[in-house]
Every structure is written in structure tokens, then in C-alpha cells.
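This report looks at aromatic ring contacts and at the surroundings of the rings involved.

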Amino acid sequence: HVNGFTERTDYRQLCYAVVDAVIEIRETGAIRPEHIEDFAKAAECSFEFVFCCGGKRLMAAAHFSPLAADRLRALATHAQWRPRFNVMCLMGYKPPVALGLELLALGLADRSEKVAGRAAAACDELGGTEALALLESHLPKESRAKVREGIEFTIDTRPILK
């Protein structure tokens, strides 16, 4: 599966590390710091297949591991915009609700318009009344037109999507 979706050797290696970590977790029942780092390295990648491969596992691990939750927080505040954007793209993988809201709040307040705009859409992916309340509370503070538009769209379409 990995070979079919990734041509670059470095991307394949990131995915293989994720697969190996998942297998080891299943065999041992333990999540080690090395596993979290493998997931996080993949989640930083600019190639969607790779960041979803690692990010999905990082989100799942956050339900059981404070280290995974901390690593997601670190990615959401990364110096580069791409890892922060990727975290917002991963909200559909259902992190723990409190963590998801925390990450979305960081995303909405992000200095990058791309990240903040993606966070607005990601609120819908996380779902729940808390995410809607987060959007509604952020709207009056938002001055960037594209981000406001994304927030308003998500708020306006919520009743339709339920």
C-alpha cells in the first residue's frame, strides 16, 4: 500500500516507520516515545498520504498517551506553517474532545491565514456543540476576511450537516 502511494524513498521510510511502530504497539500493548516520534515525523510531512499515515496514529495515541497529546500540541505551535496546517487537517481522525478544542483554538488564532482558515473548516470535522461555540466565540475577534468567511460558512452550514 505504501509503495503504491509514495514514490519518494524518504516518504516511504516515514510510512514504514509508522507501520513498524503500529505493529510493535499491537504486539506489546505499549506506546513508547519512539513510536510517538515516528508518528510525529510523518505528521510533519508535506505529502498528504504520509502526514495522514502518521497523524492518524498520533491522534489515536492521544487517547491513551499524554506524550502523543503533547506532541500534537508541539506540532500545532511549530515554527513552520506546514505542521500546524497538517494538525488542522487531521481533526477528522477524532482526537480526544478537549485536546481537539485546544488544538482548534490554537489553529484559529494562528498567524498563518492558511492554518486559521483550515482550522475553521476543521471545527466542523471535530463536530459537537463545543466546536461550534469555539467558532462563534472566535468570529468577533477575527479580522482576516478569508478566515472570517470560513468561520461564517462553517457556522451557517452546521444545521444542514447535522
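## A charge over a ring

In this predicted model, the charged end of arginine 8 is placed over the ring of tyrosine 11, at 4.1 Å from the centre of that ring. Tyrosine 11 is itself buried, since its relative accessible area of 12% falls under the 20% cut-off.

## The stacked pair

When the whole structure is searched, two aromatic pairs are found. In one of them, the ring centres of tyrosine 11 and phenylalanine 47 lie 5.3 Å apart with the planes at 15°, and because planes under 30 degrees apart count as stacked, the pair is described as stacked.

This pair links distant parts of the chain, 36 residues apart: tyrosine 11 belongs to helix H2 (residues 9-28), whereas phenylalanine 47 lies in the loop between helix H3 (33-43) and helix H4 (48-61). Phenylalanine 47 has a relative accessibility of 32% and therefore counts as partly exposed, while tyrosine 11 is buried.

## The edge-to-face pair

Tryptophan 81 and phenylalanine 85 have ring centres 5.7 Å apart and planes at 70°, so this pair is edge-to-face, given that the angle is over the cut-off of 60 degrees. Both residues are in helix H6 (residues 81-89), and because they are four residues apart there, about one helical turn separates them.

As for accessibility, tryptophan 81 is partly exposed, with a relative accessible area of 31%, whereas phenylalanine 85, at 18%, is buried.

Technical notes: Residues are numbered from 1 along each chain as its sequence is written. This is a predicted model: local features need pLDDT of at least 70, side-chain atom pairs count only at pLDDT 80 or more; totals for chains, interfaces and linings use all residues. Side-chain values use heavy atoms; hydrogens and water are left out. Rings of Phe, Tyr and Trp (its six-membered ring) pair if their centres lie within 6.5 Å; planes under 30 degrees apart count as stacked, over 60 as edge-to-face and the rest as tilted. Helices (H or I, at least four residues) and strands (E, at least two) are DSSP runs, numbered from the N terminus. Buried means under 20% relative accessible area, exposed over 50%, partly exposed in between (1.4 Å probe, protein chains only). A charge sits over a ring if NZ of Lys or CZ of Arg is within 6 Å of the ring centre and within 35 degrees of the ring normal.
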